[in-house]
Structures are given as C-alpha cells and as structure tokens.
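Hi there,

Here is the structure I promised to pass on to you. Have a look at it first, and then read my notes below.

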Amino acid sequence: MDRNTPPVLSFLGAAGTVTGSRFLVDTPDQRVLVDCGLYQGRKELRERNWAGLGVGPASVDAVVLTHAHVDHCGYLPALVRDGFRGPIYCTPNTEDLVRIMLPDSARLAEQEAFYANRHGFSKHQPALPLFTEEDADAAMRALVPIPYHELHQGAGWSFSFGRAGHILGSAWAHLRLEDADDPRSMVFTGDLGRQNHPLLLPPEPRPTVDVVVSESTYGSRDHEVGDPAEQLGEIIRRTVARGGTVIIPAFAVDRTDVVLHHLARLSMAGAIPEVPIKLDSPMASRALWVYRDAFVNGSPDVRPELVGTHPFEVPGLDVVESVEESKQLNDETRPMVIISASGMLTGGRVVHHVAHRINDPRNTIVLIGYQAEGTRGRHLAEGATTLKMLGHYWPVRAEVTHLPSMSVHADRHDLIAWLASGKGAPDIVYAVHGEPESSAGLVAAIDEHLGWPAVAPRLDERVRLD
Ligand SMILES: [Zn+2]
C-alpha cells in the first residue's frame, strides 16, 4: 500500500448478520485482520464460508483475535491453509480455548464431508471438508498470547486488549495507527459481556478512540430482569416432580460453565432435588478444565471473590466421555439433567438427546441465550410444534423454555452504557455482528441516547479512516 493512501477499514463479515466476524484494517505499512470467524446458521450464510476471505490471505500480516467463539476464530485454519503466514494475537486464556475449539471444528468439517460423500449429496466429487485437523494444527502454531493491557507494537500500528467480560479470555481490541500527521485509533468490541456475569468481571470501560466497531447482537432489545439461577431451579424442580428429564443445550464454552455454577449454588442451597447431572460434551468438559484452572490461578478476568473456590463442583456431576456412554443415557428412565452441546441445536450429541426425549411431555428442553435465525433452537423458541432432526420430523411434546436472561451478551442498555463509559465521543460507531433489525436498533439507540453518528455497514463495505 502507498504511504500516502489513507488507512481503510473493510467489513469482510458479520455485517448484517451475527456470525463470520472479519474486519480488515489496511494501514500504509501493514494489513491487519481483526477476528476471523466462521459463518453459522442459515444455509446461505454457511455457504459464504466457501467464498474465501475477499482478499488474499497471504497479503494479511497479522490477526488480532478478540475471543475463542467459532464465529470469531473458526475460519483461521482456512486462512492459514490459504497462505496467511503471520502471527495470531490473542489473550492467554483465549489461546487455551482456541486450542480446544479449532480441532473440534475441523473434525466437524471432516465429518460433514464424509457424510456428504456417503450420501452423495454434494455438488463436489468427492466433497472436501472446509478445512482439516492439520489446517487447525497449523493455525494453532501461529497463536501468540498477549496479556490484557500489554501494548504490542506492529509496523506502523499497535494494539492492546481490555477485558470484555463475555467469555473467559474475551477482549476488546484497541488499535492505534501511528501516522505522525494524523494518528487514528479504533476499538473493536468483539462480543461484550454483561455487568452481572456470575463468573467474570464486567467489561472494562471503552478506551478513547476515533472509531468504534461495536457488536449489536442484542442492539434492539433489553434482557428481561430475573435471576436465571432461580428460574433454572424452578424448571428443574417441576420437571423432576413429574418424573421428567431436563435437557440443556449449552454452548460448550462459558454457558456450560455458567450453568454448572448455578447448579452448584442451587444444590448447595438445597434448592434442587439430588438427581444425576450429566455433562455430555467432550468439548465442554475440556473447556471446563480451562475455566477451573482460571479460578485456581486467579486469572485477571475472573471475579476475584471466586478465586481459590470451586465454583463448578456439583454433587452428582458425571462427565460423559464416549459415544457409547452417551447412547446409554437413552435407557435411563430416572429424572436427570443433561447438559450437552450445541447450544442452538445445530449439531452435536444434544440433538440425539432431544430427538429421544422431545416426544414426552414430562421432559423439559431449556434453551439458554441467543438462538440464531434458521437454527433448530430458534424454531423451538418460537413455538415450533414439530422439529426436524436426524432425517425425521418429531412432534414437540416436551416443555420448551427459553432463558434469554442467561445470555452472555450485553443488551441494548449495556451497549449504550459501555459506549458512554469512555472519555470523549468517537467520530463514528459501526454497528456490526447483529441481525439487521438489531444493528439498526443500536444505531437508533446511539442517536437517541448519545447523539453520535452511527451506521450499520454493508458486507464488504470499505471506509477510509482519514
Ligand atoms: Zn462470542
């Protein structure tokens, strides 16, 4: 890039949708990609994963990664396979979690290709996976941990991470472009957490910047008030009383840990009956170890009052490892709680548990947190009476409860409060990582409460930063 050209910000993903976070900053010296996520949800979104990055991966000098969710890091194996050779910067806890997430996404991609070949429903002969475990290994070799608040210098730019309070290790990224005449600065929120995350400290205040690129998952909504632990306790009590089982489709990282923490507290208070609690997700159980370590070692983003305690020790907790053991749960007739991924019922072992138990009105399916458009979780949350799983339509006879209050995303009120928490008004806020009405909702709320310019950029839109 010419030294006289102004820096440019390009929205290569998560514009008009909640997944596929990819933002490119072209400085006169280097090209930096902030987040490198997979598209998830509807088929036409998932198909975008095959369309490439939009710029040559070999031309990107560095990746700055905000957190370990797949919609922020899941495209890294393809990026590295296609020629990216730079460092991938992230916090130390994000590194540990990415090392769990990426091999798992690669295995899923390989299974999908295998399944497509066996059933002959791919346009490609043979169907190839989006990326392989080897690609995931190569991406993991590029990870470079940078602790919170440590300034890291690139060529003509620098960045530091601040706590985002969304999942363990999550960060907002503060980038500074060092042009002597016109230094520019920006912050990418990644995903922002809430003030009351039971395990993590809340997000740190917004740094003073010229440009904010803000998530807007819940940009048009405020979460209902209510204690999710109490709601969960009530659900478990009534389900067990009628002899049913509670199935909690949980996101493997963080939501599982939050649910276990609530169960530990409920159980200690004698607020739930003693029933077996099955954690049936190999990825969630590996992530649980990272969370446990963070509380043993006093990680900088966990609530200090919980350091040195055992916030996940639930009596009756049993970690299900093998597929065989998972299948054996089908024969269990005693009431129990099954926590299993994925959180929006898009795949994983939980689909089998739901298919097996959805027909029985004694059981309850508890959806927690955000349910993206086009997912089975969203259909159920919207009152579907049948659900397609494993090639069949199943009547929905079990109770279905949605606890959006257990979300780990900031709502409209939290987003506005976070934007207002920094000094000075930015020149502009870009609302990304939201469905169109959510991003539009955040833009409207910024205008109403802060009076700042804000827009929801289009996919592939490029804006000059001068
Ligand atoms: Zn996230």
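In helix H12 (residues 412–420), the buried residues are Asp414, Leu415, Ile416, Trp418 and Leu419. Buried means under 20% relative accessible area, with exposed over 50% and partly exposed in between (1.4 Å probe, protein chains only). Helices (H or I, at least four residues) and strands (E, at least two) are DSSP runs, numbered from the N terminus.

Before you go on, please note that this is a predicted model, where local features need pLDDT of at least 70 and side-chain atom pairs count only at pLDDT 80 or more, while totals for chains, interfaces and linings use all residues. Residues are numbered from 1 along each chain as its sequence is written, and side-chain values use heavy atoms, with hydrogens and water left out.

What do the buried residues of H12 pack against? Their partners are strand S9 (171–177), strand S10 (184–188), strand S11 (211–215), strand S20 (428–432) and helix H13 (436–449); contact means heavy atoms within 4.5 Å.

**The sheet**

Seven strands form an open sheet with mixed pairing, in the order S7-S8-S9-S10-S11-S20-S21. Two strands pair if DSSP finds at least two bridges between them. Strand S7 (152–153) and strand S21 (454–455) are at the edges with a single partner strand each, so one side of each has no neighbour in the sheet. S9 and S10 run antiparallel and are joined by five bridges. Arginine 176 stands opposite serine 185 in S10. H12 packs on this sheet, and its direction makes about 160 degrees with that of S11. H13 also packs on the sheet, touching S11, S20 and S21.

The axes of helix H6 (residues 228–241) and helix H7 (residues 255–268) come within 10 Å and cross at roughly 70 degrees. Axes are lines fitted to C-alpha atoms, for helices over the stretch in contact, and angles run from 0 to 180 degrees between N-to-C directions. H6 is therefore roughly perpendicular to H7 (65 to 115 degrees; under 35 is roughly parallel, over 145 roughly antiparallel, the rest oblique). The axes of H7 and H8 come within 9 Å, again crossing at roughly 70 degrees.

**The core**

The largest nonpolar core has 77 residues, and Leu76, Leu263 and Ile339 have the most contacts inside it. Such a core is a set of buried Ala, Val, Leu, Ile, Met, Phe, Trp, Tyr and Cys residues joined through side-chain atoms within 4.5 Å. Helix H8 (residues 282–297) gives the largest share, eight residues.

Happy exploring!
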